[in-house]
Amino acid sequence: MNTKKYCAVLVGLGLVTLSACGSGSDGSSGSGSDKTVTLVSHDSWAVSKSVLKDFEKQSGYTVKVLKDGDAGQAVNKAILTKDNPQGDVFFGVDNTLLSRALDNGLFQSYDAKGSATVKPAYRVDGAKHRVTPIDTGDICVNYDKAYFSKHKLTPPTSFADLVKPEYKNLLVTENAATSSPGLGFLLGSAAQYGDDGWQAYWKKLQANGVKVVDGWEQAYDQEFSGSAGGKKAGGDRPLVVSYASSPPAEVIYADPKPTTAPTGVSYGTCFRQTEYAGLLSNARNTKGGKAFIDFLLTKEFQQDMPLNMFVYPVIEGAQVPQEFVEYGRQAPDPETMAPAKIAANRDQWVKSWTSLVLK
């Protein structure tokens, strides 16, 4: 890897400071420096430069960020390198993949300062404290408002609606074996229809023309007919598995900004996702890693997340931006599933789903 080029890209995106790509104050660089904290994450990690600088100024640590693809890819790589980890802290393992990380000993125990402020619904792992909840969001079917208005068709509101004839060949989703939202949508259907019913449901979806692609970018930016980052997408599918926070993103990134979001959310199709951070086993800078995890639970960071990663805070008292209130909201009654049940069934469900849907 061209380290200088890699760091230049990160700096250009505002994800790390210039000092994070150079030498620490003791003349060393990388996670081997006791003045450098290395964060390993998925590609969606983002934070305001001013907020990150506040942490660096107050703590004395410099933050280095290593992005490792989507969540599934990043978790798998972290597991493979756990004996000689790339960094000190991992952010971005969610409840769909949590058991895989814990079962493979990816994290060491740390009870973060501020953990008592995390809402009880998001706490996991009991007294072991191997992971700290950081954010939450909802995986949901989104719809293209213009399409449904043009065709005088009511958007679907539930899982059951998606198999109705009027929605034939309209839905695109992601591969449950390769994509976090794809897996979340599968788990949502399993929570809705149970261990014995979800496969029958997917047979109906398949008969109704559901399209499956590898990942979220392809589904949303290429296959979806709605707006993508403020620009008209080139696809022909007006239904896509995405997030409840996608409509606010469509408003914020559009130029000029519309008065209403061009996309909507089918709230009866949502599955709640929670992301965690953990101190990596064999981390070189455990003290710095602990300080960084503490920072992730501060109100400053929690309130900075929504407009950077389009997720919701997990601590009591954190406020969300007006755009989230106005153009999108959390699902009022999303599907959920206990981590233990996900752990017991995920791999077999994905295997069965693959045989059923991708054969």
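**View 1. Lys 152 sits in the loop between helix 5 (145-150) and strand 6 (171-174).** Helices (H or I, at least four residues) and strands (E, at least two) are DSSP runs, numbered from the N terminus. This is a predicted model, in which local features need pLDDT of at least 70 and side-chain atom pairs count only at pLDDT 80 or more, while totals for chains, interfaces and linings use all residues. Residues are numbered from 1 along each chain as its sequence is written, and side-chain values use heavy atoms, with hydrogens and water left out. Lys 152 has a phi near 50°, a positive value in a residue other than glycine. Lys 152 is exposed, with a relative accessible area of 76%; exposed means over 50%, buried under 20% and partly exposed in between (1.4 Å probe, protein chains only).

**View 2. His 129 lies in the loop between strand 4 (107-108) and strand 5 (132-144).** Here too is a residue other than glycine with a positive phi, near 55°. His 129 is partly exposed, at 25% relative accessible area.

**View 3. Asp 255 and Pro 256 are joined by a cis peptide bond.** Omega is about 0° for this bond. Look for Pro 256 in the loop between helix 9 (246-253) and strand 11 (263-280).

**View 4. Helix 6 (residues 180-193) crosses helix 7 at roughly 120°.** Their axes come within 8 Å; axes are lines fitted to C-alpha atoms, for helices over the stretch in contact, and angles run from 0 to 180 degrees between N-to-C directions. Helix 6 is therefore oblique to helix 7 (angles under 35 degrees count as roughly parallel, over 145 as roughly antiparallel, 65 to 115 as roughly perpendicular and the rest as oblique). On the helix 6 side, Phe 185, Leu 186, Ser 189, Ala 190 and Tyr 193 make the contact, and helix 7 brings Trp 198, Tyr 201, Trp 202 and Leu 205 (contact means heavy atoms within 4.5 Å).

**View 5. Helix 7 (residues 198-207) and helix 14 cross at roughly 30°.** The two axes come within 10 Å, and the helices are therefore roughly parallel to each other. Trp 198, Gln 199, Trp 202, Lys 203 and Gln 206 in helix 7 meet Trp 349, Ser 352, Trp 353, Leu 356 and Val 357 in helix 14.

**View 6. The largest nonpolar core has 79 residues.** Such a core is a set of buried Ala, Val, Leu, Ile, Met, Phe, Trp, Tyr and Cys residues joined through side-chain atoms within 4.5 Å. Trp 45, Trp 202 and Phe 292 have the most contacts inside this core.
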